[in-house]
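Please take a moment to look over the sequence and the structure before reading on.

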Amino acid sequence: MRLFLEPEDFLFFRDNRPFVSGESFAATSLDLPLPTVTYGAIRSYLLGASGIDFGAYAQLTDANSLNTACQSFPLLKAMGGPGTALPGSLKVRGPYFASLNHHDEKLRDVFFPQPLDLVAYKSQANNSGYTILKPGTASNSTNLPLPCKQLLQAPAGLKLDDKATPVYVKRDGVGEYLAGNVPSYTGTVGGELVESSHIFASEFRYGIAITPEYVTDKGMLYSLEGRRLHQNFNQGLYGLVLELEDANLKLNQLDLANRPFFIGGERRFARLVVLDDDTAPIASFAPDPLPAADFGDTFKLYLATPALFNNGWLPGWLDSQTGIGHPPHDPTLQVKLITAAVGRPIIFSGFDMALGRPKPIQQAVPAGSVYYFKLLAGTPDQVLNAFHNHSISEQASQAGFGVAFVGHDPS
């Protein structure tokens, strides 16, 4: 089941920089909400549509009370209890940027974060474009953390452009990238690499705090930098898409008509569109898996959404010294980490509405990070079955963290 969220206003998903009354007056939004935000918004929306009382829901803190409530509200089998102690069966993949046709509300395209080994360059001849970095030879002279001792290198003669505008990659472009090819870049929405300015624009809002006496509070001016997604008749409606996986979830039994969907800061709302036609024009958000026969003994994993690993940037099932491990999805599969391109961690927290308390601070590996592996035991078919379009996050995987796609090692 797939959902499209069309924002009716600008969106605001605050980053981790301080925004404290009387101390800092400016707050900036992330481009995409974290999976916990959309997962929580979906659960709140569906629970509200089912007619459950949120006060009573907050009391479902043990398995017996939850099972009893499921008899009156079967939706709770999918939603689970408040917090994370009693997870339901609902699994989410996303969110991603996407565009929707105006006339028939069919999905036009899906846009994924730029892989961190797909980089812009300028050559000595002053040409520019994009290239895919490749693992070099192992070196013990670097200060890279174990087990990464191979640098990712650009082809000779190319100078990386660290000031290039960030891009998003269309679904077919991700398929090209996973096959080891560089997606096309035209500078417009016609190419497979699309600059963020074609999807959204930054928009500022200004306000001032109000006292309990309903007068403005001195020194409490603030500004918010949010994201305004474009709406264009030719290019479609831009919004967010999610993929829901759950046999217990039956949206046709809920009253969703004219019900606002609130998401992000200041309770901004969006229109929810159920994409019930899963056959055209895009059958799945994820690019098609590559033929297993085309793989050698190396592959890479591209993170389409942020991931939460037990050992920070390193998955907990990999040995921190050797990089060798068995993924929990398939213990007969053995791989060795060769190298990785990992961005700065996303530090986040939040507020648990059901339990009425702040959530613990966590650090996530950002979307776009790439991990290169050598296959030690198992087959390429096992690699695809274990990883492609599955969550490899060791925490909050049901919320959409750690969705990975399998690609060729271009070296």
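Does Ala396 count as buried or partly exposed, and at what relative accessibility? This is a predicted model, in which local features need pLDDT of at least 70 and side-chain atom pairs count only at pLDDT 80 or more, while totals for chains, interfaces and linings use all residues. Residues are numbered from 1 along each chain as its sequence is written, and side-chain values use heavy atoms, with hydrogens and water left out.

Ala396 counts as partly exposed because its relative accessibility is 25%; buried means under 20% relative accessible area, exposed over 50%, and partly exposed in between, with a 1.4 Å probe and protein chains only. Ala396 sits in the loop between E26 and strand E27 (403-408), where helices (H or I, at least four residues) and strands (E, at least two) are DSSP runs numbered from the N terminus. Most residues other than glycine have a negative phi, and most peptide bonds are trans. Ala396, although not a glycine, has a positive phi of about 50°, and Asn389, also not a glycine, has a positive phi of about 60°. Asn389 is placed in the loop between helix H6 (380-387) and strand E26 (390-391), and it counts as buried because its relative accessibility is 14%. A cis peptide bond leads from Gly94 to Pro95, with omega near 10°, and Pro95 belongs to strand E3 (residues 91-100).

Among the buried residues of H1 are Tyr39, Ile42, Arg43 and Leu46. Just after H1, Gly51 takes a positive phi of about 90°.

Turning to the sheet, three strands form an open arrangement in the order E2-E13-E12, with mixed pairing; two strands pair if DSSP finds at least two bridges between them. Strand E2 (26-28) and strand E12 (200-210) stand at the edges, each with a single partner strand, so one side of each has no neighbour in the sheet. E2 and strand E13 (residues 216-229) run parallel and are joined by three bridges, and Thr28 has Glu225 in E13 as its bridge partner.
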